[in-house]
Amino acid sequence: MEQPQAAMVASEAGAGDDTDVYRIRPLELGDISKGFCELLAQLSPSTPLTEDAFRNRFAELARLGADHLVLVAEDAATGRLAAAGAVLVERKFIRRCGTVGHVEDVVVDAAARGRGLGERVVRRLVEHAKGRGCYKVILNCTPELTGFYAKCGFVEKNVQMGLYF
Ligand SMILES: CC(=O)SCCNC(=O)CCNC(=O)[C@H](O)C(C)(C)COP(=O)(O)OP(=O)(O)OC[C@H]1O[C@@H](n2cnc3c(N)ncnc32)[C@H](O)[C@@H]1OP(=O)(O)O
């Protein structure tokens, strides 16, 4: 039986507005056949996930409950996914055991860009982090995307560093 990625967080993340073209909701197991991998390939080209790999990762993430939420936007007319994004809640010792939201892997299908969908997804991820008690939400992006994230309410802070293996 298909279960939402984090059933208990569905209400927190909002069920979406059914009158809208896009329904924003948590990732579901069936999304592998609704274009989820094709969407992610627009973020980072890679070989398509097998159904087993998708199911295993889905189960791992589900165990993290509301601390890891993947949202997708489903086109109500076609049933295909038009956008996705994730937020991970980090539990710290500092800041009186504060929590921080990390926004990751935001993508809107090329055909659906420029209509406010990316901003809606990011704002929903931020809302979720706020609802989990996060004192801030952070993300990494390329310089070309700072304008987009500024529209979503973010300000530039610090620098990103990486070490790849
Ligand atoms: C943390 C991360 O995941 S970083 C990775 C981000 N993802 C990618 O780069 C994948 C490829 N790109 C995309 O999927 C999309 O272009 C996104 C997600 C960046 C933007 O999604 P869209 O749905 O097209 O953006 P949306 O229409 O919501 O734009 C909201 C506002 O930001 C502006 N905006 C959008 N993209 C940009 C940009 N690259 N630079 C400056 N402003 C931008 C829009 O003009 C709009 O402003 P307005 O309200 O004044 O009209």
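## Fold of a predicted protein chain

The protein chain has six helices and five strands, where helices (H or I, at least four residues) and strands (E, at least two) are DSSP runs numbered from the N terminus. This is a predicted model, in which local features need pLDDT of at least 70, side-chain atom pairs count only at pLDDT 80 or more, and totals for chains, interfaces and linings use all residues. Residues are numbered from 1 along each chain as its sequence is written, and side-chain values use heavy atoms, with hydrogens and water left out.

Along the sequence, the elements follow the pattern α-β-α-α-β-β-α-β-α-β-α. The five strands form an open sheet of mixed pairing, in the order 1-2-3-4-5; two strands pair if DSSP finds at least two bridges between them. Strand 1 (22-26) and strand 5 (136-138) stand at the edges with a single partner strand each, so one side of each is left without a neighbour in the sheet. On average, neighbouring strands of this sheet are turned by 25° against each other, direction ignored.

Strand 1 pairs with strand 2 (residues 68-75) in the antiparallel sense over five bridges; Arg-23 stands opposite Glu-74 in strand 2. Helix 5 (residues 117-131) lies across strand 1, strand 2, strand 3 (81-91), strand 4 (99-108) and strand 5, and runs at about 25° to strand 3. Axes are lines fitted to C-alpha atoms, for helices over the stretch in contact (heavy atoms within 4.5 Å), and angles run from 0 to 180 degrees between N-to-C directions.

Values for the whole chain follow.

| Property of the protein chain | Value |
|---|---|
| Buried residues (under 20% relative accessible area, 1.4 Å probe, protein chains only) | 38% of 165 residues |
| Accessible surface (Shrake-Rupley method, 1.4 Å probe) | about 10300 Å² |
| Share of the accessible surface belonging to carbon and sulfur atoms | 54% |

Terms used
Buried means under 20% relative accessible area, exposed over 50%, partly exposed in between (1.4 Å probe, protein chains only).
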